[in-house]
Amino acid sequence: MTRVDVVVVGLGLTGSAAAWALSRRGRSVVAFEAFQPDHRRGSSHGRSRIFRRAYTDRLYVELTGRAGELWRLLERESGESLLHRTGGLDHGAGGEPEAMAALLADAGVPAELIPPDEAARRWPGMSFEGPVLFHPEAGVIDPERAMAAMTRLATSAGARISYGTWVDALEPQSDGGVLVRTGSGSLHARTVVVAAGPWTEPLLSGLVKLPRLTVTQQQVFFFRPHESAVWPTFIREDDDAVYGLPEGPLLKVAEHGRGRVTTAEDRDGVVDPASRERVMSFVRRWLPGVDPAPCDELTCLYTSTDGEDFILDRQGPIVVCSPCSGHGAKFTPLVGEIAADLADGHPPIHERFTLAAHERPSGRDRRANS
Ligand SMILES: Cc1cc2nc3c(=O)[nH]c(=O)nc-3n(C[C@H](O)[C@H](O)[C@H](O)COP(=O)(O)OP(=O)(O)OC[C@H]3O[C@@H](n4cnc5c(N)ncnc54)[C@H](O)[C@@H]3O)c2cc1C
């Protein structure tokens, strides 16, 4: 029986980051991914995610700072540019731009609150109402290149990575470890990091008492700007939140909420036409510099807790990492470090990310974070 320090289940952004962090620490690591690299069935596919510092929550502002430093480390170690700073805009009363500005100021993050007419002059392809928060540290992450970079670094540090391999079962052993069963055999791990995204619940059913995790099928739309320009990332939040970000020459725009509830197995990959209509009318109203007919679209899964806080905790030999809720990508390399700390026996980074905290009603109704 092969024995390793850690088995990582899943190689989306989370598992790739965990494999990189653990192998950098010299742990023996085996990582299993059910599908091939760049598959489109989970949450991490595509070429763009928003990185931003602006949150209405002090904890997340602080964590984005630590994540930003680790993105730089990943870029240095991989020799790749993975986080492209474009600056980011927040507008719309629902997003509380003034409250975000105050938190950024407290944290020493450069930001400015701009009147709407001045913002329209600076970003002529966009319309604004009410104060606009701009912070230059925001930008765009490339998740597919980031996953490739992290798995490459993990492999060169000794991790063994196996694509096309389902982990069928995790069986805790009397010695405190876990027997990991796959179609091609079993191995013994001292600790297992479960980074299975929307498959977390089926894999851990009967093993770990999870809080409610809601899987929704989201859709994103790509639009062609009338003129080439450098676009910032943005979120406009009124009653609902719509976000956008540049991806190559196009602008990707999507609703943060309102996805159809589904499961990883049952999702149909069909774009919701009502969401397309709503996003097109958003583009007509708020993005005059963009052709309102989408030129491409795709679906993706969110796995969300009720309060949109992450689960980053450990029960016995099983580390549970579910950092999605539609805003986990920006924290990727930090989540890898947290997963490695948990696997090494350190306590959870914050009480809010524990399994127990999620069992209690939080009363928190988180803002759109993307
Ligand atoms: C449309 C969309 C837009 C988003 N935009 C942003 C954004 O702008 N900014 C931001 O910060 N975040 C954003 N997010 C969130 C971010 O993308 C997610 O937090 C992140 O991708 C989660 O990655 P993950 O690795 O946890 O899950 P996944 O990417 O789903 O990875 C889980 C992996 O585990 C594998 N797996 C599952 N079960 C098994 C098993 N039993 N055996 C082997 N392998 C298994 C799966 O095949 C999968 O590859 C967005 C998400 C979506 C869907």
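Which backbone atom of leucine 13 lies 3.2 Å from an oxygen atom of the ligand? In this predicted model, the atom in question is a backbone N or O atom of leucine 13. Local features were taken at pLDDT of at least 70 and side-chain atom pairs at pLDDT 80 or more, whereas totals for chains, interfaces and linings use all residues. Residues are numbered from 1 along each chain as its sequence is written, and side-chain values use heavy atoms, with hydrogens and water left out.

A polar side-chain atom of histidine 39 lies 2.7 Å from a ligand oxygen atom, and a polar backbone atom of alanine 329 is 3.1 Å from an oxygen atom of the ligand. The protein buries 98% of the 1000 Å² that the ligand exposes when taken alone (Shrake-Rupley method, 1.4 Å probe). The shell around the ligand divides into 20 nonpolar, 13 polar and three charged residues (Asp, Glu, Lys and Arg count as charged; Ala, Val, Leu, Ile, Met, Phe, Trp, Tyr, Cys and Pro as nonpolar; the others, Gly among them, as polar). Strand β18 gives the largest share of this shell, three residues (strands are DSSP E runs of at least two residues, helices H or I runs of at least four, numbered from the N terminus).

Twelve aromatic pairs were found in the whole structure (ring centres of Phe, Tyr or Trp, the last by its six-membered ring, within 6.5 Å; planes under 30 degrees apart stacked, over 60 edge-to-face, the rest tilted). The pair of tryptophan 123 and phenylalanine 134 is tilted, because the ring centres are 5.2 Å apart and the planes stand at 45°. Both residues are buried (under 20% relative accessible area, 1.4 Å probe, protein chains only).

Terms used. A polar contact is a pair of N or O atoms within 3.5 Å; within protein, one must be able to donate a hydrogen and the other to accept it, and residues adjacent in sequence count only if both atoms are side-chain atoms. Buried means under 20% relative accessible area, exposed over 50%, partly exposed in between (1.4 Å probe, protein chains only).
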